Amino acid sequence: QVQLVESGGGLVQAGGSLRLSCAASGSIRSINDMGWYRQAPGKQRELVAAITSGGSTNYADSVKGRFAISRDNTENTVYLQMNSLKPEDTAVYYCNYRHRVFMSLHDYWGQGTQVTVSS
């Protein structure tokens, strides 16, 4: 099992910045992906950004150039720096950890942290 603890959400005005953190613990594997998803009311959960243990990143088009994902492998922690926030970024943000066990992918989720951007 892997446990994820998120922090850093809150209320910010449009144009502001927030930084989310997510610390993983438990049965961590050296090769894994970590990322952030978000879910707004009435919408499906969507990928915001992801990063592999090797440092390769992937971003949703809507956040490219504004958000930056990074990780500290020694601390098993992933960060999401969110700049130039917009009201449409308002959502619950979930941390995700994923690793492969033989042919199966195992996903673990944080409890979610609310990000609210006021106009």
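This is a predicted model: local features need pLDDT of at least 70, side-chain atom pairs count only at pLDDT 80 or more; totals for chains, interfaces and linings use all residues.
Visitor: Why does Trp 109 count as partly exposed?
Guide: Its relative accessibility is 37%.

Visitor: How many aromatic pairs does a search of the whole structure find?
Guide: Two. In one of them, the ring centres of Tyr 37 and Trp 109 are 5.0 Å apart, with the planes at 70°.

Visitor: Is Tyr 37 buried or exposed?
Guide: Buried. Its relative accessibility is 18%, and the cut-off is under 20%.

Visitor: What makes the pair of Tyr 97 and Tyr 108 tilted?
Guide: The angle. Their planes stand at 50°, with the centres 6.1 Å apart. Stacked needs under 30 degrees and edge-to-face over 60, so 50° leaves tilted. Tyr 97 is in strand β9 and Tyr 108 in strand β10, so the pair ties together parts 11 residues apart in sequence. Tyr 97 and Tyr 108 are buried.

Visitor: What sits over the ring of Trp 109?
Guide: The charged end of Arg 45, 4.6 Å from the ring centre. The distance limit is 6 Å. Elsewhere, Arg 19 lies over the face of Tyr 79, at 4.1 Å from the ring centre.

Visitor: How do you know that Asp 89 forms a salt bridge with Arg 38?
Guide: Their closest N and O atoms are 2.9 Å apart. The rule asks for within 4 Å, so the pair qualifies. Asp 89 is in the loop between β8 and β9, while Arg 38 is in strand β4, 51 residues away.

Visitor: What makes Asp 89 and Arg 38 count as buried?
Guide: Asp 89 has a relative accessible area of 1%. For Arg 38 the value is 6%. Buried means under 20%, so both pass.

Visitor: Which residue forms a salt bridge with Asp 89 at 2.7 Å?
Guide: Arg 66. It lies in the loop between β6 and β7, so the bridge ties together parts 23 residues apart in sequence. Arg 66 is buried at 11%.

Visitor: Why are Arg 98 and Asp 107 called partly exposed?
Guide: Arg 98 has a relative accessible area of 25%, and Asp 107 is at 33%. Both values fall between 20% and 50%, so the term holds. Their side chains also meet in a salt bridge, 2.8 Å from N to O.

Visitor: Which members of the largest nonpolar core touch the most other members?
Guide: Leu 4, Trp 36, Leu 80, Met 82 and Tyr 93, out of 28 residues. Strands supplying at least two residues each include β1, β4, β8 and β9.

Visitor: Which residues does Tyr 93 contact beyond its neighbours within four places in sequence?
Guide: Among them are Trp 36, Arg 38, Leu 80 and Met 82.

Note on methods
Residues are numbered from 1 along each chain as its sequence is written. Side-chain values use heavy atoms; hydrogens and water are left out. A nonpolar core is a set of buried Ala, Val, Leu, Ile, Met, Phe, Trp, Tyr and Cys residues joined through side-chain atoms within 4.5 Å. Buried means under 20% relative accessible area, exposed over 50%, partly exposed in between (1.4 Å probe, protein chains only). Helices (H or I, at least four residues) and strands (E, at least two) are DSSP runs, numbered from the N terminus. Contact means heavy atoms within 4.5 Å. Rings of Phe, Tyr and Trp (its six-membered ring) pair if their centres lie within 6.5 Å; planes under 30 degrees apart count as stacked, over 60 as edge-to-face and the rest as tilted. A charge sits over a ring if NZ of Lys or CZ of Arg is within 6 Å of the ring centre and within 35 degrees of the ring normal.
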